[in-house]
Amino acid sequence: MTTTTAQEITRRTETLLGSLNTGLYIDGAWRDASSGRRFAVEDPATGEVLTTVADATADDALAALDAAHRAQASWARTAPRERSEILRRAFETVTARADDLALLMTLEMGKPLAEARAEATYGAEFLRWFAEEAVRTPGRYSIAPDGRSRVLVTKRPVGPSVLITPWNFPLAMGTRKIGPALAAGCTVVLKPARLTPLTSLLLADILAEAGVPAGVVNVIPTSQAGGTTGPLLTDPRTRKLSFTGSTEVGRHLLAAAADQVLRTSMELGGNAPFLVLEDADVDAAVAGAMAAKFRNGGEACTAANRFLVHSSLVEEFTEKLVAKVREIRLGPGVQEGVTLGALVEEKQRSKVAELVDDAVANGARVLLGGTVPDGPGWFYPPTVLTGAGPRARLHREEIFGPVVSITSFTTEEEAVTMANDTELGLISFVFARSLDTGLRMAEVLETGMLGLNSGVISNPAAPFGGVKQSGLGREGSHEGIEEYLETVYVGIADPYA
C-alpha cells in the first residue's frame, strides 16, 4: 500500500466519520439518548475508538415503538408500488454509496475492504429483491368444495416488528430484515449490534433519503441489549421479532416472545460440516473450503466448522489446502492486498484461541498458525489443525474464526453420522462428482441449506435458514416476505343462493 493510498484512506475515514449521524433515529429525526449516555465503537485492527454513539435506554426503545405504532396504519395502506419504488431507490443509493458503506464496515467490523465491498453489493440486493416482492403479495379466491360458499384468502402486514441484527454483516443483516418488512407494509425498530452500529446509522439516512416516511424505520443502538429490547417484547404493540445471533440468546428471546405470542424469525448458530466425499474433485473442494471457511474471516454462521474428508483424499486435500492458506495475507482491512482482517473484538479472539488450545490438548496437530500474534488489534492467524480428538470443543462449538480442523472418515454412512452429530443444522457443504451422491446427501443431512460443490450459497433470491436449534423461519426469497405477512380468510356466502 502506497503512502498516498494510506493518506487517502485516512482522509476518507475522517470525512465519513465526521459526516455520520451518531444519535438515535426515531420518528424520522436524530436525537440523543434519554440518559445522555454514549458508548464507544472501536476499530478491531487497532483497538482505538472510532467514535461514540447514543446509547439507547428502555425509554428510548419505547419511544421508537411509539413511532412505529403510529406509522403502522399509514404504511400498511401505502400502495405496494410506492413501497416498491422506495425500496428500489434505497437499493440505488446503497449501490451509489457502496465505497462509503464498505469503508465503514471495515472500520467497525475488521473485514478487508474487498469483502466489505462485496457485502455492500449483497446487502443492496435484498432491497432490490424485496422491492420486486412488494408488488407480488399473493391471494386467492375459490369455490368451497361443497359449492355453498366462496373462500377469499388475502395477506396483511403483521405489524410493528423488532429487528435485532448481529455484528458480522452490518449492512446485509439489516437489509435482509428491513427489506421484507417494509415490502410487506410493516414498520420496524432496528437494534443493531453494539460492536457495529455505524453501518446501520448510515443505512437509516439512506432509507430516509429514499423516501421512507417518519416512524417507519427507527434505529436504536445500545450497549444494554436486554434492558432495551426486553420492554419491546412485552409490549402488545410489537407483533413480530426477527433475530440473527447465537442459539443461546435466541432461546432467551423465544421465551420472552412467548408471552405475547409474537411471530418470530430466528437465524441462530451453525456448526457446518464440510464433507469431501470419495469421488470429490480435490482442487474444487480446496477452493470451496477457502471460501466456506475464510470468507468474513470465518466470522459467519455459514462458515464451515468441521472438515470431514474421505481417508483416501485427506492427505492430498490437507496438503493443497495448507498451500492455499499460506497465501492469505493477515493485516488491517483497509490495507491494500490484505485478505484476512482482525477479529471483531478481544473476547472473540480469546474464544478462538481457547478452542485451538483445547483442540491441541485433545490431540490436534497444528499445521499452520495457532498462535496469537503480538501487536495491536484483534488479529488471529489462519490456522489448520488435524487429528483433534472427539472431545475437542471445536467439534461442538462455532469457531467463528479462521481455523480449519480436518478429520477423516472411511464410509459415506460414517460421514453422515458425523455431520449430523450436532443439535444445530444451518448449512452443510458437500463435494462429490456424482449428482446421485449429492442428492442423497440433500436427503439425509439434517440441514436447512446445502452447498453442493460450492463454498458460498447465500443469495437474496434463495430461502436462508436452518433446522433443529439453528432457527425458525426463512429470510430472503419469497419466503422472506411471508415472515412479515398474516394470512386472512374471508368466508363469503354463495352468490347464487
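Modeller: A residue is called buried under 20% relative accessible area, exposed over 50%, and partly exposed in between (1.4 Å probe, protein chains only). The model is predicted, so local features need pLDDT of at least 70 and side-chain atom pairs count only at pLDDT 80 or more, while totals for chains, interfaces and linings use all residues. Residues are numbered from 1 along each chain as its sequence is written, and side-chain values use heavy atoms, with hydrogens and water left out.

Biologist: Why is Tyr-141 called exposed?

Modeller: Its relative accessible area is 51%, and the threshold is over 50%, so the label applies. Tyr-141 belongs to strand β5, residues 140-143; helices (H or I, at least four residues) and strands (E, at least two) are DSSP runs numbered from the N terminus.

Biologist: What makes the nonpolar surface patch?

Modeller: Tyr-141, Leu-152, Val-490 and Ile-492 form it, with an area of about 310 Å². Patch residues must have over 30% relative accessible area and no salt bridge; nonpolar side chains (Val, Leu, Ile, Met, Phe, Trp, Tyr) are joined within 5 Å, and like charges within 9 Å. The areas come from the Shrake-Rupley method with a 1.4 Å probe, and for residues only the protein chains shown count as cover.

Biologist: How do you know whether Thr-187 is buried or exposed?

Modeller: Its relative accessibility is 0%, which falls under the 20% limit, so Thr-187 is buried. This residue sits in the loop between α6 (172-184) and β8 (188-191). Its contacts (heavy atoms within 4.5 Å) include Ala-68, Trp-75, Pro-160 and Val-216, with residues up to four places away in sequence not counted.

Biologist: What does the side chain of Thr-187 reach?

Modeller: It reaches the backbone oxygen of Ala-68 at 2.9 Å. A polar contact is a pair of N or O atoms within 3.5 Å; within protein, one must be able to donate a hydrogen and the other to accept it, and residues adjacent in sequence count only if both atoms are side-chain atoms.

Biologist: Why is the pair Lys-111 and Glu-119 called a salt bridge?

Modeller: The rule asks for a side-chain nitrogen of Lys or Arg within 4 Å of a carboxyl oxygen of Asp or Glu. The N to O distance is 2.4 Å, so the pair qualifies. Lys-111 is buried at 3%, and Glu-119 is buried at 3% as well.

Biologist: What forms a salt bridge with Arg-150?

Modeller: The partner is Asp-494, with the closest N and O atoms 3.6 Å apart. Arg-150 lies in strand β6 (residues 149-157) and Asp-494 in the segment after β22 (485-493), so the pair ties together parts 344 residues apart in sequence. Arg-150 is buried at 6%, whereas Asp-494, at 21%, counts as partly exposed.

Biologist: What is the phi of Asn-296?

Modeller: It is positive, about 60 degrees, although Asn-296 is not a glycine. Most residues other than glycine have a negative phi. Asn-296 occupies the loop between α10 (282-294) and β13 (304-310), where it is buried at 3%. Ser-477, also not a glycine, has a positive phi near 60 degrees; this residue is in helix α15, residues 477-482, and is buried at 9%.

Biologist: How many disulfides does a search of the whole structure find?

Modeller: The search finds 0, the criterion being a pair of cysteine sulfur atoms within 2.5 Å. Cys-186 is buried at 0%, and Cys-301 is buried at 13%.

Biologist: Why is Val-352 called buried?

Modeller: Its relative accessible area is 0%, hence the label. Val-352 is part of helix α12 (residues 346-361). Beyond its neighbours within four places in sequence, Val-352 is in contact with residues including Leu-343, Tyr-380 and Phe-400.
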